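Dear colleague,

Please find below the structure that I am passing on to you, together with its sequence. My notes on what was found in it follow directly after.

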Amino acid sequence: MIQNEEELWLSTAALPRIEEMGFITAPMDFIHADRVLDFHVFIYVTKGEITVTEKETDYRIGPGEALFLKAGIRHYGKKKILAGTAWFYIHFRLEQESRYGEFVPSSRPAFHEGCREALCQALLPKTLQNLSGTQAESRLLELWNVCKNSDPFRNFTLNYLLYGFLRECVLLRFHDLLKEMSLADQIALYLERHACERFSSRKLEKEFFLSYKYLASVFKKEKGMSVGEYHTRIRVQRACGMLRGTSMRISEVSEEVGYPDPLYFSRVFRQIMGMGPREWRRKIPFQN
């Protein structure tokens, strides 16, 4: 995988490690220090404006905005930061597990056994706008409250809370990406969210305010399969996870993924996987 030098990646395989967190209100005008650090820096401005340059890129962050600065890369100030400017900062370290590949949003499920979605990494946004009032800000304030208290066991929770905060930052990045998704990807995301419900073309029309004929045409052209087939594959994929990871009976799995009739579920499962759910459950533990 090719990565930009300034990018930060959050791994699902290890917790981040917090070094320090603080809140500062500048007592006088100053220019940001010229430095290269061996840890990453997160800055969230609550009042005023901070200007900082990383490598050759200038960043200006105001109230409700945030910036990630990467370890090992020079950053410095060019303009004065005025007295009264207030901001949170976090110094932290990350596990970089680039061999896993980038996180794939759930709107593009992998229709095969052995999917390693749990072993991946996600790109953190370089900057964040409109952070105020979001779940990410709530997680940040929760982290700050724990940092401030004198609980001798607080270190057991700090890295966990930091991971939760960084996860919310990742979700904000994907929220912005979803706005740019194609119609077919939006349909796929809808089907993923409603995977265990009976498929309804009328509900799809109400969701997108377009005729089902048009939606189906656009979807098949881009995805190479019908909307109904895609929905069925998602349900079968979920059933595979239950068969592999639980001791639920076939009828229970069938009910859980939206098939009240286990015999019909078994026929559908066989069409997709090439064998019935009972046979698949016996064989899959021995497959790579």
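Arginine 235 belongs to helix H6, which covers residues 227-245. The model is a predicted one, and the values in this message should be read accordingly. Although arginine 235 is buried, it has no salt bridge. Its nearest side chain of opposite charge is that of glutamate 197, at 9.1 Å; a salt bridge requires a nitrogen-oxygen distance within 4 Å. The side chain of arginine 235 does reach a backbone atom, namely the oxygen of valine 257, at 3.0 Å. Setting aside residues up to four places away in sequence, arginine 235 touches Ala195, Glu197, Arg198, Val257, Gly258 and Tyr259.

**Salt bridges**

There are 12 salt bridges in the structure. One of them joins glutamate 49 to arginine 60, with an N to O distance of 3.6 Å. Glutamate 49 sits in the loop between E4 and E5 whereas arginine 60 is in strand E6, so this pair ties together parts 11 residues apart in sequence. Glutamate 49 is partly exposed, at a relative accessible area of 39%, while arginine 60 is exposed, at 53%.

In one, arginine 238 pairs with glutamate 192, and the closest N and O atoms are 3.1 Å apart. This pair links distant parts of the chain, since arginine 238 is in helix H6 and glutamate 192 in helix H3 (residues 183-193), 46 residues apart. Glutamate 192 is buried, with a relative accessible area of 13%, and arginine 238 is partly exposed, with 31%.

In the other, arginine 233 meets glutamate 229, with 3.3 Å between the closest N and O atoms. These two residues are four apart in helix H6, which means that about one helical turn separates them. Both ends are partly exposed: arginine 233 has 23% relative accessibility and glutamate 229 has a relative accessible area of 32%.

**Nonpolar cores**

The largest nonpolar core comprises 30 residues, and Phe42 and Ile90 have the most contacts inside it. At least two residues of this core come from each of strand E2 (17-25), strand E4 (40-47), strand E7 (66-69), strand E10 (86-93), helix H1 (135-148) and helix H2 (155-178). H2 supplies the largest share, eight residues. Beyond its neighbours within four places in sequence, isoleucine 90 is in contact with Ile18, Glu20, Met21, His40, Val41, Phe42, Leu140, Leu143, Leu162 and Phe165.

**Isoleucine 250**

Isoleucine 250 is found in helix H7, residues 250-256, and counts as buried at 9% relative accessibility. Its C-alpha is 9.2 Å from that of alanine 239, a residue 11 places away in sequence. Apart from neighbours within four places in sequence, isoleucine 250 is in contact with Leu243, Phe265, Ser266, Pro277, Arg278 and Arg281.

**Aspartate 58**

Aspartate 58 lies in strand E6. Its side chain makes a polar contact of 2.6 Å with the side chain of threonine 53 and another, of 3.1 Å, with that of lysine 78. Aspartate 58 and lysine 78 are 20 residues apart along the chain, and their C-alpha atoms are separated by 8.8 Å. With neighbours within four places in sequence left aside, the contacts of aspartate 58 are Val52, Thr53 and Lys78.

**Backbone geometry**

Two residues other than glycine with positive phi may be of interest. Lysine 55, with phi near 60°, lies in the loop between strand E5 (50-54) and strand E6 (57-61). Lysine 55 is partly exposed, at 37% relative accessibility. Asparagine 130, with phi of about 55°, is in the loop between strand E12 (127-128) and H1. Asparagine 130 is exposed, with a relative accessible area of 65%.

Helix H5 (residues 212-223) contains 12 residues and spans 16 Å from its first C-alpha to its last, close to the 16 Å expected at 1.5 Å a residue. Just after H5 comes glycine 224, with a positive phi of about 75°.

With kind regards

Key:
Residues numbered from 1 in each chain as written. Predicted model: local features only at pLDDT ≥ 70, side-chain atom pairs only at ≥ 80, totals over all residues. Heavy atoms only, no water. Core = buried A, V, L, I, M, F, W, Y, C linked by side-chain atoms within 4.5 Å. Buried < 20%, exposed > 50% of the residue type's maximum accessible area, 1.4 Å probe, protein only. Contact = heavy atoms within 4.5 Å. Expected span 1.5 Å × (residues − 1). Lys, Arg positive; Asp, Glu negative; His and termini not counted. Polar contact = N/O pair within 3.5 Å; in protein donor to acceptor, adjacent residues only side chain to side chain.
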